[in-house]
Amino acid sequence: MTLRCLIIDDEFLARQRLLKLLEAFDSILVVGECRNGADALEKTRIKEPDLIFLDIQMPDIDGFTVYEKLEKKPYVIFTTAYDTYALNAFKINAVDYLLKPFDEERLTIAVNRILEIQKTNKASQLEKQIKKLLQNKEAASSLFINQIRLHEKGRDLVINIDDVIYFKSDGNYIQIITNDKSYLYRKTMNSLYEKLDLNQFLRIHRALILNKVYIKQCTYINNNVYRFTLKNGVEVLSSRSFSSQIAEYLSSEG
């Protein structure tokens, strides 16, 4: 984790001293020095530093005005010989306020503080990204059914979609085949197919939809027809009209 930084100070010796002190920190990369406010505004725009060490009293533009004019706000540590500006510095969320002459120990405290802030911010950003991914996944999964509710012999039944081995058309009904038993579901195959996650289900025939998890083997017969052997021992044949979907499935299975 390296921070790109600019040193902004109108005093040459002050810049050189800070530059020397920063050599002790592997996490800090000095990308430039600025001798006044105008120089700082230009180089900050070009270099896009993560951090600036900013003197307050400069002859052309003071440090507060420099920071106010920056379009992209980097972390800022004020360096000054006057303690009267401290309150204003922290009002603009300065990471630290170093009174000249400060030593390496005091600088270390400031650098560690900013590294901790950056680490926390990155963790927060990662957490937001993870939450967004989960929300997107939940939104996508909500488009597909994960349960089928039936009413059979006066009882309400719930079948988890993961337990379905395959669906088979049966007149005005669909047979739902699971390891335990089969159920009749009053639904058309096309309307059911629209609500299934195609990452999980493969339609091989106008009357057959297979759960990919339960496919044991797929063998080419001839003329774009395949034989599927399922894990429950059942064998079914595909129709030629679904050969493209099957070819895509076989390609993804490697």
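**A buried residue and an antiparallel sheet**

Tutor: Ile 148 counts as buried, with 1% relative accessibility; buried means under 20% relative accessible area, exposed over 50%, and partly exposed in between (1.4 Å probe, protein chains only). This is a predicted model, in which local features need pLDDT of at least 70, side-chain atom pairs count only at pLDDT 80 or more, and totals for chains, interfaces and linings use all residues. Residues are numbered from 1 along each chain as its sequence is written, and side-chain values use heavy atoms, with hydrogens and water left out.

Student: Which residues does Ile 148 touch?

Tutor: Contact means heavy atoms within 4.5 Å. Leaving aside residues up to four places away in sequence, Ile 148 touches Leu 157, Val 158, Ile 159, Ile 161, Phe 167, Ile 176 and Tyr 185. Ile 148 belongs to strand 6 (residues 147-152); strands (E, at least two residues) and helices (H or I, at least four) are DSSP runs, numbered from the N terminus.

Student: How do strands of a sheet pair?

Tutor: Strands of a sheet pair through backbone hydrogen bonds, either parallel or antiparallel. Two strands pair here if DSSP finds at least two bridges between them.

Student: Over how many bridges do strand 13 and strand 14 pair?

Tutor: Strand 13 and strand 14 (residues 225-230) pair over six bridges; Cys 218 has Phe 228 in strand 14 as its bridge partner.
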